[in-house]
There are 2 protein chains.
Amino acid sequence: MTILKKVSFFKKLSSKDLEKIFSIAKVKKFNKNDIVFHKSEIGNNFFVVQSGKIKIFTSIGPNKKKTFAFLEKGDFFGEMSLLGSKIRSASAQAVTDSELLVIGRLSFKKLLVKNPDFTLNLLQTLVIRLNNSDREIENMLFHNILGRLAGKIVEFAPKTNKLPIIVNIDQNELAECIGTTRVPICRAINSLKKCKAIDYKRSEITILNLKQLKSIANM
Amino acid sequence: MTILKKVSFFKKLSSKDLEKIFSIAKVKKFNKNDIVFHKSEIGNNFFVVQSGKIKIFTSIGPNKKKTFAFLEKGDFFGEMSLLGSKIRSASAQAVTDSELLVIGRLSFKKLLVKNPDFTLNLLQTLVIRLNNSDREIENMLFHNILGRLAGKIVEFAPKTNKLPIIVNIDQNELAECIGTTRVPICRAINSLKKCKAIDYKRSEITILNLKQLKSIANM
């Protein structure tokens, strides 16, 4: 999965498909920190983010968490338990106050059958997510935490070459995206600071040398 | 991705869809060890395994390899560079002499649009693969090599509860599936032997205690 905010599902849909989605979806509001669904629950809904920010994550024990994705306006989630096993494979939580479009199992299946554009977009997004997951597995096997952190910072950064680039993310979020704890991330941030690839202050990373950062990430 | 041999794409297709696939596909033969495609090449074909065994893998350097999947009769691959980036995200190689059905980009897109069952099956398989990849990421973060090895052995084993269960796989293949080298795998196999969960002789694992193996794998 990983971060999908650059892949807006909405943008690729025709206005006819969008109208269809809005006509069958219910809008549901979630407050900051509300859980949308828990891992291992039975899932019967497909969600599209209308506003806010949703985190997809898994946790084992109180201290170990892995964030798979932050989803924003136009991104979808919840399809996995409508297409595969009915059990939710990860948890979803509102990071900020959020509004979601909620589509039930039957309506979702109808959308799939009757709207080939919707289905094709779904396929393309799943392929991107699968590719990201497999790249993440590679990174975990072949790179150390420093390289993985550098890669995550590049992934989160607004797409521009004009330096400095500001990335709003704190150490805890970075640790959870990489699936580790704060201490090794803090150490890795200090290493990147020392070689002047980035600066870091209060939940804000400033990329000072993008080329160097990409090279550390093996990108 | 990981191992998909239990998910046969063919079995779920209607005979109409199957006929369609056979009518537009070319059959191509590959000898043992032949490369079907290399990672980073531009990909224009979708493949379905008709006979034999195909390995999907990535490598960095001469000694580090990660096997994502072994694919057998009825499994497909190559869809990722037809639906997402055109660049192959992994390499494919024949493990044994194999026959593949080869479908070009245009025919593949036509199949998608005109055969909703084909598309739905593709979606379902991608969801299973994505789920497997995300579970693998979790395992890499939360389990040690012993647990991951135990999980892989269970994954490769024929689905039966009647002990002993024979699994034909050698240390090198196991090491590549986990993305590590032979030495730590050899050590982990010895640990599993010591606690009598398995026996291991010449490319053959015998599961002696499935319950214990699953418990070590946290399954």
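The following legends describe close-up views of a predicted model of two chains, A and B.

**View 1. The contact between chain A and chain B.** Each side of the contact is made of 34 residues, 34 from chain B and 34 from chain A. About 3,500 Å² is buried between the two chains, and carbon and sulfur atoms give 78% of this area. Leu123(B), Leu130(B) and Phe142(B) together supply 19% of the area that chain B buries against chain A, more than any other three residues.

**View 2. Elements of chain B that touch chain A.** Four residue pairs are in polar contact between chain B and chain A. On the side of chain B that touches chain A, two or more residues are given by each of β4 (54-60), β5 (64-71), α2 (80-83) and α4 (116-142). Helix α4(B) provides the largest share, 18 residues. By class, this side of chain B comprises 17 nonpolar, eight polar and nine charged residues.

**View 3. The axis relating the two copies.**

**View 4. Salt bridges between the chains.** Two salt bridges are counted between chain B and chain A. In one of them, the side chains of Glu138(A) and Lys39(B) meet with an N to O distance of 2.8 Å. Lys39(A) also forms a salt bridge with Glu138(B), with the closest N and O atoms 2.8 Å apart. Since Lys39(A) lies in the loop between β2 (35-37) and β3 (45-51) of chain A and Glu138(B) in helix α4 of chain B, this pair joins two chains. Lys39(A) is partly exposed, at 29% relative accessibility, whereas Glu138(B) is buried, at 8%.

View 5. The closest N and O atoms of Lys55(A) and Glu176(A) are 3.1 Å apart in a salt bridge. Lys55(A) belongs to strand β4 (residues 54-60) and Glu176(A) to helix α6 (residues 171-178), so the pair ties together parts that are 121 residues apart in sequence. Lys55(A) is buried, with 11% relative accessibility.

**View 6. A network of salt bridges in chain A.** Lys66(A), Glu136(A), Lys152(A) and Glu155(A) are linked in this network. Lys152(A) and Glu155(A) form a salt bridge at 3.8 Å, N to O. These two residues are three residues apart in helix α5 (residues 145-156) of chain A, and therefore about one helical turn separates them. Lys152(A) counts as buried at 6% relative accessibility, and Glu155(A) as partly exposed at 24%.

Technical notes
Residues numbered from 1 in each chain as written. Chains lettered and ligands numbered in written order. Predicted model: local features only at pLDDT ≥ 70, side-chain atom pairs only at ≥ 80, totals over all residues. Heavy atoms only, no water. Contact = heavy atoms within 4.5 Å. Buried area = accessible area lost by both parts, 1.4 Å probe. Salt bridge = Lys/Arg side-chain N within 4 Å of Asp/Glu carboxyl O. Polar contact = N/O pair within 3.5 Å; in protein donor to acceptor, adjacent residues only side chain to side chain. Helix = DSSP H or I, 4+ residues; strand = E, 2+ residues; numbered from the N terminus. Nonpolar A, V, L, I, M, F, W, Y, C, P; charged D, E, K, R; others polar. Buried < 20%, exposed > 50% of the residue type's maximum accessible area, 1.4 Å probe, protein only.
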